[in-house]
Every structure is written in C-alpha cells, then in structure tokens.
Amino acid sequence: MRRLVADTMVIAERNLVRLPRAPDLLLAFTVQPVMFVLLFVYVFGGAIVTPGYAYEDFLIPGIIVQNIAFGGFVTALGLNEDLHKGLIDRFRSLPMARPAVLAGRTLADTVTNSLSVAILLATGLIIGFSFDASFVEIVGGLGVLLAFGYAFSWVFALLGLLVSSPEAANSLGFIAVFPLTFISSAFVPVDSMPAALQWFAEVNPFTIVVDAMRTLWLDAPGGSVWGAVAWSLAIIAVFAPLAVSRYRKAASH
Amino acid sequence: MPARGYTTEPAISVTGLKKHFGDVRALDGVDLEAAPGTVIGLLGPNGAGKTTAVRVMTTLLAPDAGTVRVAGLDVIRDAAVLRTRIGLAGQYAAVDENLTGVENLVMVGRLYGEGRARAKRRARELLERFELGDAGDRPARGYSGGMRRRLDLAAALVARPPVLFLDEPTTGLDPRSRLGMWTTIEDLVADGTTVLLTTQYLDEADRLADTIVVIDSGRVIADGTPDELKDRVGGERLVVALADARRAAAAIEALAPLSDEPPASDGDTVSLTVRGRSGTIVEAVRRLDGAGIGVADLGLRRPTLDDVFLSLTGHAAEATDDEEESR
C-alpha cells in the first residue's frame with residue numbers, strides 16, 4: 001500500500017511537470033473552457049429560457065461538469081501514447097505497484113481539473129454568476145465535481161488502453177461523451193427536449209451531477225448530492241478494475 | 001564464463017516455452033540457456049518470435065507452457081522479485097519525451113523504490129557514462145535517435161540489474177551510434193552483466209554474442225557459438241580472383257577436384273567450398289599455375305552468419321544489406 005502511494009505520486013508528478021513545458025496543452029486546460037463559457041452565454045444565452053435563473057447562473061454548473069468530464073481525455077491520449085512508445089512495457093517491467101501508472105495519471109488529472117474549475121469559476125463570477133450557497137455547500141460542490149472528474153478519468157484510462165491510436169481515442173471519446181453531456185440538464189432545461197430525449201436526460205448521470213451542483217451552488221430544488229456521489233463511486237468501481245486489468249495485459253504496438 | 005566444476009545456475013534458462021496468440025504459435029517449444037556474464041544472441045527474421053520470448057522472460061507476458069527462469073527466479077511465481085533483477089531496453093526508446101534526461105532516470109529510480117536524492121545521483125552518474133551529461137537537463141524531445149537509445153539503455157541500468165534484455169538495441173541507429181552501443185554492451189558484460197540480445201543483424205550477433213540461438217517461426221532451428229554455427233554450414237570458401245575473366249572455365253576445371261561441390265563463378269571470381277583447411281591454398285595455386293592461369297588474388301573466406309542464416313532458414317535474414325553476397 002505504501003508502495004502504491006509512493007509510485008502513484010511519482011507517476012502523477014511525471015504527468016504534471018510536463019504541463020508548463022507543453023503550452024498547447026495548457027491552452028486546452030485554460031483558454032478552451034473560457035471560450036466555451038463565453039460562446040454559450042453570449043451566443044445561446046439569449047435564446048435559451050431558464051425559468052427562475054439567469055442563463056449565466058444556469059450554465060456555469062453545467063459547463064463546469066462537462067468540462068471536468070472531458071478532463072480525463074489527457075489520460076486516454078497519454079496512456080495510448082505510452083503504449084505505443086514502449087513506456088508501458090518499461091513500467092510493467094519495473095517492480096512498481098501495478099495500478100500506480102493509472103492511479104498516477106488519474107490523480108494528475110484531478111490536479112489539472114482543479115485548475116480548470118478555478119479558471120471557469122473565475123470566468124463565471126466575472127460575467128455575472130453568483131452563488132446562492134454557504135461556504136460548506138460551495139466546497140461540497142467542488143468535491144462533487146472533482147469526484148465526478150476522477151471517475152471519468154478512469155473511463156478514459158480504459159479507453160486509452162483499448163484503442164489502437166490517440167486519434168481513435170479522440171474520436172471515440174467525443175462520440176461517447178459529447179452526447180452524454182448535451183442530452184442532459186447541463187445547457188438547457190430538460191423539459192424543453194422531445195420526450196425520448198427527456199427520458200434519457202433524466203437518467204443520465206450528467207443530469208444528476210449537474211442538478212446536484214445547482215442544488216449546492218444555487219439552492220435549486222430537486223438535485224441529489226448523494227445521487228451524484230453514488231454515480232461517481234459506481235463509475236470508479238466499474239472502470240478502475242477494468243482499466244487496471246487491461247493494463248496488466250497491455251502490450252505495446 | 002563461470003569456473004568449471006562449480007554448479008552455477010544459468011542466468012537465463014528456458015525450457016519448452018510455448019506461447020500462442022489465437023491460432024498463431026508465436027513460440028512453439030523454445031529452449032535456451034545463458035551462463036552468467038555472457039551474451040546470448042537471439043537471432044531470427046521479423047515475426048520469428050524474438051520479441052515474444054523477451055516479453056515472457058521479462059514478466060510482461062505469461063507463457064502458455066514451459067519453464068522460464070531468470071537470475072534464478074521463476075518468471076511467474078517470482079515475478080515481483082524478478083523485476084528488481086532485470087533491465088529491459090525495448091525496440092522503441094521508451095523514454096518520456098516531455099521529461100529531461102535526468103527526470104526520466106530519476107523517475108525510473110524512484111519506481112525501483114529509491115529515494116529522490118539517491119535516484120538523482122545515480123541518474124547523473126549514468127548520464128555521464130552514456131555521454132549525455134550535457135543534455136541531461138534538456139527535455140528528451142530534442143534528443144537524436146542515438147541519444148534516446150542511450151537514455152533508454154541508461155534507464156534499463158538504473159538498478160544495476162544482473163540480467164539485461166535488449167530487444168533490437170541498434171535497429172534504426174546510424175553506424176557510429178551502433179558501434180557506440182556495441183562498446184557499451186561489451187563493457188557491461190565485462191562487468192559481469194548477462195545480456196540477452198535480439199537482433200536481425202548478423203554482424204551484431206557475431207561480434208557480441210557468446211552463444212547464438214537462431215529461431216524461426218517460433219522454434220529454435222540452431223544454436224551454438226558463432227564459430228560452431230559457421231562450421232555447420234560447411235567449410236570455408238576458397239575465393240580466387242582471376243587476372244583474366246576469360247580463363248574462368250579453365251579455372252573451374254582446374255579447381256573442381258578440391259571440392260565436393262562444383263565451383264561457382266561470377267565474372268573474374270571463382271569460389272568453392274573446401275573441407276580440409278590445411279594445404280588447400282598451396283594446392284590451388286599449384287593447380288592454377290600448372291594450367292597457366294594468372295591469379296590476381298586468392299584467399300579463404302570464413303562463412304558469415306548470413307551464410308548460416310540462409311542455409312538454415314532457406315531465406316536470408318531480413319534487414320541486411322549484404323544479402324546478395326551470401327547467394
């Protein structure tokens with residue numbers, strides 16, 4: 001266990017020290033989410049009716065959840081690259097804790113996710129988002145967000161180990177996650193959708209997490225914080241063992 | 001080599017190793033053994049099963065059947081301990097391009113359980129040794145192919161492993177980097193490291209390996225020292241360069257009794273396999289002189305491993321550029 005923690009930290013550090021050296025990657029973490037917020041608020045904001053809330057207030061929790069779910073993309077791309085470059089073979093030939101390569105990656109994602117959330121939140125506050133929450137609720141909301149992001153990192157870890165190339169990881173990831181985020185309460189009220197989509201949106205974990213965030217940060221009715229936490233735990237419980245088992249058998253090229 | 005009379009366990013011992021992927025028998029009963037402090041060369045064309053064998057011996061892949069022991073440890077039962085005793089440098093330079101040379105080696109050292117300070121000292125030491133001292137603080141992204149391989153090999157040596165696996169260590173390197181890599185490997189062996197080396201380059205195996213195992217389609221088709229393998233192909237070849245190419249037919253006639261096989265000719269060169277070594281040259285010169293045939297040059301050539309490979313597998317080793325010569 002001590003070994004697992006130590007090795008996980010080494011790998012997490014490896015994935016974080018490269019950040020300042022890859023300006024393009026840093027741009028993806030910082031400028032891109034800000035761009036999305038501005039586009040949504042000022043392009044769609046006027047057309048979308050969100051009864052009871054200003055669109056800025058409605059949107060910010062939704063777009064942060066979407067953004068944090070995509071945060072794990074780095075893990076999918078990075079693991080796939082490691083696989084092709086033989087680094088996974090090297091790690092597997094070392095006497096290190098088996099899950100550490102994946103645990104280190106997902107932990108590094110959590111750090112970059114925190115950075116993204118901070119930037120998004122700052123942007124939101126500047127354009128008019130305001131909390132209707134206690135300090136504990138605000139912090140609790142951050143916890144819910146990071147847990148959900150962490151869970152999705154494991155989904156992406158499995159994806160990165162399964163696909164044949166980073167390009168494939170990219171397109172498959174988008175195909176899987178984009179509809180999930182859009183057919184949810186993240187950007188528009190669910191009751192504005194056609195019936196079939198409404199049904200899907202209501203059981204979609206994104207809706208559950210976004211609604212929980214609105215309950216915590218905007219005092220909106222109907223969200224279940226425990227439901228959101230349970231979804232994150234369930235995703236980790238399913239995908240972390242799958243990803244680790246895949247890693248154990250992973251072969252380069 | 002271990003002193004005779006002592007029961008030294010082989011550094012690598014593989015018996016009856018089998019591994020299949022679906023219907024493909026990647027390894028179909030491979031046996032091999034390497035004494036401590038020696039180099040064993042695993043030779044074979046692409047897809048022969050070399051990399052699969054290395055993956056099994058380095059605990060990356062579980063065998064379907066057979067016993068594989070490395071450094072006295074079983075690759076399945078003792079995998080965790082074994083990983084502390086081996087180094088692996090694969091076909092690709094497995095370095096993180098975003099990290100500097102030092103950071104790469106420190107990461108590996110810490111994953112072996114070393115503290116940060118000790119890992120850093122070892123990293124500097126290895127970088128100096130591999131002439132990467134000046135580049136150590138630059139990201140590996142900017143390294144040349146040869147530098148990356150050296151960094152990769154340095155990473156494999158971080159924990160001073162007694163057994164080192166090198167999977168095609170010089171593929172894709174320029175001749176100078178290749179020579180450098182060879183010298184490095186020779187130094188390691190001089191220090192007592194056992195090296196298993198896979199290669200498609202016969203000259204590489206010839207220079208480095210104490211024993212060679214030739215595999216093709218997942219089976220061992222020959223093994224022995226480079227000299228033993230060459231002897232198996234047949235004796236040496238007598239090569240005669242004629243002063244006048246028009247006398248080739250006469251030269252063939254004059255030399256034919258020296259060999260069991262008919263001599264071959266190519267322009268002004270006549271060559272033939274000769275069994276008995278001693279006196280052959282003298283006899284050849286006497287016969288040619290007797291027939292009044294002028295000779296520009298004449299000599300015995302040892303068979304190369306290319307000849308060995310060609311005669312064993314029926315096809316030349318891939319990725320060699322002297323394929324023509326062995327025909």
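Visitor: What covers the buried residues of α1(A)?
Guide: Two residues are in contact if their C-beta atoms, placed from the backbone, lie within 7 Å. The cover of α1(A) includes α4 (73-84) and α6 (100-127) of chain A, together with α3 (101-111) of chain B. This is a predicted model, in which local features need pLDDT of at least 70 and side-chain atom pairs count only at pLDDT 80 or more, while totals for chains, interfaces and linings use all residues. Residues are numbered from 1 along each chain as its sequence is written, and chains are lettered from A and ligands numbered from 1 in the order in which they are written.

Visitor: Which residues in α1(A) are buried?
Guide: A residue is buried if 20 or more other C-beta atoms lie within 10 Å of its own, exposed if 12 or fewer, and partly exposed in between. In α1(A), the buried residues include A:Asp7, A:Val10, A:Ile11 and A:Arg14.

Visitor: Where is A:Val225 found, and what does A:Val225 touch?
Guide: Helices (H or I, at least four residues) and strands (E, at least two) are DSSP runs, numbered from the N terminus. A:Val225 is found in helix α11 (residues 225-249) of chain A. Not counting residues up to four places away in sequence, A:Val225 touches A:Gly140, A:Val144, A:Ala212, A:Thr215 and A:Leu216.

Visitor: Why does A:Val225 count as partly exposed?
Guide: A:Val225 is partly exposed because 19 other C-beta atoms lie within 10 Å.

Visitor: How many helices and strands are in chain B?
Guide: Chain B has 11 helices and 14 strands. Of its 327 residues, 44% count as buried.
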